[in-house]
Amino acid sequence: MTNVLILHSSLGSGHISASKALQEAFARFPQMTVRSEDALEHASPVYRRVVREAYEQLSERLPQLYKAYYEGSDVEDLEKSLDSNLTWAKLERPFFRKLENLVQAANPDVVVCVQQIPSRLLQLVEKQDTVRRPQYVVITDAIAHSTWINYGVSGYFLPNDLGRNFLVQRGVDPALLHVTGIPIRLEIMEQKHKATVRSQLELPPDSRVVTLMGGGLSPKRVHEVVSDLLEYACLDVLVVAAGRNQDLLDAIADLSSHDTVSLRKLGMIDYIDDLIVASDLVITKAGGLITSEILARGTPMILVDPIPGQEEQNADVIAASGAGVQLRLLEMVAPAVGHLLSHPERLADMSEAALSLGRPEAALAIARHIIEHWQQDRQRLASLAPANNS
């Protein structure tokens with residue numbers, strides 16, 4: 001049996017989704033034991049509360065301050081960034097004694113980190129262990145911030161070639177860098193047909209369907225976009241997927257369908273992939289996981305309100321590839337939707353660009369690489385054992 005421990009941090013839903021995808025992928029291989037843990041759940045309550053509140057306050061309410069912090073803390077010099085991350089780990093370590101105990105008790109053969117905090121802490125945990133286990137880092141942003149890079153990492157898995165080249169320029173060993181894509185649900189590897197999915201969702205087969213992923217957006221700003229789209233009447237069906245954002249559903253409670261546009265409001269659903277397949281166009285933020293899922297399905301995107309820093313970079317990569325359009329003014333969303341829907345050839349080009357960038361098999365590719373390299377290392381060590389014993 002090969003024992004794999006996946007560590008993430010619950011700062012945003014993307015890291016959690018990526019961890020779940022990897023857990024499912026590893027479980028498809030024989031002789032695997034897989035465990036996924038939220039590092040913050042094994043931190044002290046004070047640290048957990050401060051970090052979560054700081055992230056939410058800065059990224060959602062003070063985006064420009066968050067951008068200044070994000071860009072200011074990105075250290076270009078490799079040695080300085082490695083030392084900085086190690087210093088942060090030493091400062092954080094007293095708050096993560098439970099996480100150290102977890103790692104030592106689980107005694108995994110391989111550790112996979114899907115966020116920066118557990119990765120940098122492992123530098124210190126590994127130093128006191130008698131057996132050094134391989135640690136891999138799965139980067140969920142289009143461009144890796146320097147906080148992702150740590151001592152002792154056996155390999156990094158990246159979304160795209162641009163991110164790989166960026167790290168090579170910073171001095172990271174190219175042999176450690178593997179372009180696989182961001183791990184997304186294995187369901188997305190399954191072929192689905194738009195007509196079939198629309199029938200299942202009771203959507204008109206020949207209608208113009210647009211989905212707005214509003215869970216991470218400001219309810220007030222979503223209200224403006226939905227109002228404009230209903231008034232502009234450039235589509236047939238508008239689906240607003242609010243997820244856990246009940247405030248969003250409350251904010252658009254006064255909006256309803258009219259003669260030309262049907263409005264559907266959804267809360268928590270388990271068929272978001274079907275909705276992506278059924279849509280001609282998706283309006284969303286530029287989160288690494290949701291955009292990776294949309295790209296893998298080849299659905300064109302309109303990107304709005306990215307969080308300064310990593311989401312802006314995600315949006316830039318998608319827009320530069322031709323798979324999406326990035327809009328800063330919400331007043332432009334309705335005209336852009338109208339323009340794209342009236343130019344099917346443009347949508348077809350965007351869909352092709354999305355498919356070329358999307359990597360639906362990313363989770364399996366990562367799991368396969370890690371398992372193969374672990375097995376090779378185990379065989380190598382076994383072959384050396386007789387010589388060592390003699």
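Glycine 171, which follows just after helix α7, adopts a positive phi of about 105° in this predicted model. At the other end of that helix, which spans residues 161-169, the start is marked by a contact from asparagine 160, whose side-chain oxygen comes to within 3.2 Å of the backbone nitrogen of leucine 162.

The largest cavity holds about 190 Å³ of space, and Asn160 is among the residues closest to its centre, together with Pro159, Ile182, Ser292 and Leu295, out of 16 residues that line it. Two elements, α12 (288-297) and α13 (310-321), each give two or more residues to this lining, and α12 provides the largest share, namely four residues. In terms of residue class, the lining of the largest cavity is made up of eight nonpolar, seven polar and one charged residues.

An α-helix has 3.6 residues a turn, so residues three or four places apart point the same way. By class, the lining of the second largest cavity divides into seven nonpolar and two charged residues, with no polar ones, whereas the lining of the largest cavity includes seven polar residues.

Methods:
Residues are numbered from 1 along each chain as its sequence is written. This is a predicted model: local features need pLDDT of at least 70, side-chain atom pairs count only at pLDDT 80 or more; totals for chains, interfaces and linings use all residues. Side-chain values use heavy atoms; hydrogens and water are left out. A polar contact is a pair of N or O atoms within 3.5 Å; within protein, one must be able to donate a hydrogen and the other to accept it, and residues adjacent in sequence count only if both atoms are side-chain atoms. On a 1 Å grid over the protein atoms alone, a cavity is a set of points where a 1.4 Å probe fits but cannot get out, and a pocket is an open set with protein on both sides within 12 Å along at least five of seven lines; lining residues have an atom within 4 Å of a point. Grid points are joined across faces, edges and corners, and a volume is the space filled by probe spheres set on the points. Ala, Val, Leu, Ile, Met, Phe, Trp, Tyr, Cys and Pro count as nonpolar, Asp, Glu, Lys and Arg as charged, and the others, Gly among them, as polar.
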